[in-house]
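User: Hello! I am new to protein models and would like to learn how to read one. Could you take me through this one step by step?

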Amino acid sequence: MYTEDRLKQKLWEKISRMSPEHILLVTDFIDSLDQPNSDQMFTLAAAKLSEPALQKVWDNPDDAEYDQLEVTH
């Protein structure tokens, strides 16, 4: 079992290895935990945290071809 100090140290170590963009996401998430409407903010934070992973899925050479298609009726 970790002590509170050890948990804080582990969190600090992880954050110190993150990119500035990810640190901002973590900061926003932490701020959202203190908000009165935390369920909605938690959902927003989770969506923001998933953006980098989803971006890799959405932006790929195969799908880029579909982006160029024109829809005709």
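**Reading the model together**

Analyst: Gladly! Of the 73 residues of the protein, 7% count as buried, where buried means under 20% relative accessible area, exposed over 50%, and partly exposed in between (1.4 Å probe, protein chains only). This is a predicted model: local features need pLDDT of at least 70, side-chain atom pairs count only at pLDDT 80 or more, and totals for chains, interfaces and linings use all residues. Residues are numbered from 1 along each chain as its sequence is written, and side-chain values use heavy atoms, with hydrogens and water left out.

User: How many helices and strands does the protein have?

Analyst: Helices (H or I, at least four residues) and strands (E, at least two) are DSSP runs, numbered from the N terminus. Here there are 4 helices and 0 strands, giving the pattern α-α-α-α along the sequence. The radius of gyration is 18 Å, well over the 11 Å that the globule rule gives for 73 residues, so the protein is more spread out than a compact globule. That radius is taken over C-alpha atoms, and the rule is 2.2 Å times the number of residues to the power 0.38. Along the principal axes, the C-alpha trace spans about 60 × 30 × 25 Å.

User: Is Gln 9 buried, partly exposed or exposed?

Analyst: Gln 9, in helix α1 (residues 4–16), is partly exposed, with a relative accessible area of 36%. From C-alpha to C-alpha, Gln 9 and Ala 46 are 23 Å apart in space, and they are 37 residues apart in sequence.

User: Which residues make the nonpolar surface patch?

Analyst: Patches are made of residues with over 30% relative accessible area and no salt bridge: like charges are joined within 9 Å, nonpolar side chains (Val, Leu, Ile, Met, Phe, Trp, Tyr) within 5 Å. A salt bridge is a side-chain nitrogen of Lys or Arg within 4 Å of a carboxyl oxygen of Asp or Glu. Leu 54, Val 57 and Trp 58 make a nonpolar patch of about 300 Å², an area from the Shrake-Rupley method with a 1.4 Å probe, with only the protein chains shown counting as cover for residues. Val 57 belongs to helix α3 and counts as exposed because its relative accessibility is 52%.

User: Which residues form the negative surface patch?

Analyst: Asp 59, Asp 62, Asp 63 and Glu 65 form it. Asp 59 sits in the loop between α3 (38–58) and α4 (61–67), and at 53% relative accessibility Asp 59 counts as exposed.

How values were computed. Lys, Arg positive; Asp, Glu negative; His and termini not counted. Charge placed at Lys NZ, Arg CZ, Asp CG, Glu CD.
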